[in-house]
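Colleague: I would like a close look at one part of this model, and then a walk through whatever else can be said with care.

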Amino acid sequence: MRAIEQQVDRAGLGEICAKVREGHRLDCADGLRLYQTPDLTAVGFLANLARERLSADRTFYVRNLHINYTNVCNKLCKFCSFYAAPNSRDGRGYVLSPKEAAARVARYDGEPIREIHMVAGINPKLPYTYYLDLLRAVKAARPGAQIKAFTMIELAQIARVAKKPLEEVLPELKAAGLTACPGGGAEVFSERVHEELFRAKLDNQGWFEVARAVHAAGIRSNATMLYGHIETVEEKVQHLLHIRELQDETGGFMCFVPLAFDPRNTELAHLPETTGYANLREIAVGRLLLDNFAHVKAFWIMITPAVAQASLWYGADDLDGTVSHYEITHVLGTPSHRQLLSVQQLVELIAEAGRAPVERDALYGVVRDREPRVESREPRAAS
Ligand code: V47
């Protein structure tokens with residue numbers, strides 16, 4: 001037996017290792033065990049087996065741009081430092097007009113941006129036409145880029161102000177320029193956490209219903225999990241199993257994105273920041289439980305480029321992108337981490353880790369491939 005396999009056995013992960021090698025699905029007890037063992041190297045080894053089976057040594061990145069079109073939000077989530085409450089008089093609230101959003105895009109003229117990521121607060125004053133005009137204006141400013149916009153929470157709000165069912169609204173958003181949806185708003189699928197931290201927001205069941213409608217409309221999306229606040233290990237495992245179940249049903253998810261909670265300037269500012277150890281584990285456990293997800297993203301802006309680079313051996317096969325202007329956790333002049341990596345820097349991070357950089361678009365279409373060393377294949381069907 002190889003030393004690493006002995007280590008996996010010593011960590012109590014022998015049975016999970018056999019399941020991973022044979023391509024069998026992991027269950028709730030396996031998930032708990034992966035969270036409980038202190039031996040992160042053993043967990044990472046297993047996650048890397050799953051990662052290499054799906055993506056070989058390929059690591060995806062995208063030339064992208066984030067636009068947060070309004071910070072006005074009536075959901076008042078305790079974990080959020082981004083929002084300005086409607087009618088608050090502190091002067092922080094803003095709304096970008098479609099023209100202003102297009103001007104943001106125009107700042108990047110000459111850069112071959114492939115994905116424009118747009119999410120924002122739930123601003124009750126915005127009418128349906130605003131969202132259509134926003135998409136049209138941004139698309140017109142950069143027809144060659146795909147727009148990945150609106151979390152499930154925003155989509156529920158858009159349907160509300162449109163006074164039409166999502167089934168009618170989604171094709172109209174698509175026609176206006178929407179290509180895909182980001183994974184935000186999922187937080188942690190637990191009634192307890194929902195009640196405690198984001199009570200005013202669409203509940204967990206609602207998130208699933210919107211995601212189902214999105215996938216039925218032929219729009220692909222991501223799924224996130226916000227960790228590092230008040231959630232328990234059991235709640236995280238349940239979260240992952242819920243999104244795995246929905247993926248079995250719809251097949252519409254592209255990527256799982258664990259989001260590290262940044263407590264600064266929030267109502268939970270007394271909590272510590274997540275550690276590199278915790279960040280790597282979330283990526284690894286996500287990779288292992290979500291056997292029907294093609295990709296797992298290390299969102300470097302939250303976990304630092306250094307930890308994101310290491311995560312390429314702990315289950316991640318996507319480093320997101322050049323991400324300029326990330327405001328969700330960038331407030332009051334305290335940028336969470338670096339706000340911008342050049343393509344050259346991303347490619348160097350990937351190559352130094354011994355992985356093959358692949359430039360992608362918002363739908364994981366390959367823009368530029370860099371000689372992958374091993375063959376990759378699609379995720380297996382659910383067993
Ligand atoms: O839903 C809010 C999270 C999300 C904080 O799909 C926070 O590729 C950390 O959806 N600390 C919005 N996170 C961002 C989002 C996203 C980001 C990157 C990639 C993708 C993707 C999607 O940001 C929210 C919430 O879960 N968030 N506050 C905070 N203090």
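At what angle do the axes of helix 2 (residues 14–22) and helix 4 (residues 40–55) cross?

Modeller: Please keep in mind throughout that this is a predicted model. The axes of helix 2 and helix 4 come within 10 Å and cross at roughly 5 degrees. Because angles under 35 degrees count as roughly parallel, helix 2 is described as roughly parallel to helix 4. On the side of helix 2 the contact is made by Ile16, Cys17, Val20 and Arg21, and on the side of helix 4 it is made by Phe45, Leu46, Leu49 and Arg53. Sorted by class, the contact between helix 2 and helix 4 has six nonpolar and two charged residues, with no polar ones.

Turning to the ligand, 23 residues surround it, and the closest are Lys148, Gly183, Gly185, Glu187 and Lys297. The ligand taken alone exposes 610 Å², of which the protein buries 97%.

As for where that shell comes from, strand 6 (220–227) and strand 7 (253–260) each supply at least two of its residues, and strand 7, with three residues, gives the largest share. By class, the shell around the ligand has twelve nonpolar, seven polar and four charged residues.

The side chains of Thr274 and Asn279 are joined by a polar contact of 2.8 Å. Apart from neighbours within four places in sequence, Thr274 is in contact with Tyr227, Gly228, Ala260 and Phe261, as well as with Asn279.

Methods: Residues are numbered from 1 along each chain as its sequence is written. This is a predicted model: local features need pLDDT of at least 70, side-chain atom pairs count only at pLDDT 80 or more; totals for chains, interfaces and linings use all residues. Side-chain values use heavy atoms; hydrogens and water are left out. A residue is near a molecule or strand if one of its heavy atoms lies within 4 Å of it. Accessible areas come from the Shrake-Rupley method with a 1.4 Å probe; for residues, only the protein chains shown count as cover. Helices (H or I, at least four residues) and strands (E, at least two) are DSSP runs, numbered from the N terminus. Ala, Val, Leu, Ile, Met, Phe, Trp, Tyr, Cys and Pro count as nonpolar, Asp, Glu, Lys and Arg as charged, and the others, Gly among them, as polar. Axes are lines fitted to C-alpha atoms, for helices over the stretch in contact, and angles run from 0 to 180 degrees between N-to-C directions. Angles under 35 degrees count as roughly parallel, over 145 as roughly antiparallel, 65 to 115 as roughly perpendicular and the rest as oblique. Contact means heavy atoms within 4.5 Å. A polar contact is a pair of N or O atoms within 3.5 Å; within protein, one must be able to donate a hydrogen and the other to accept it, and residues adjacent in sequence count only if both atoms are side-chain atoms.
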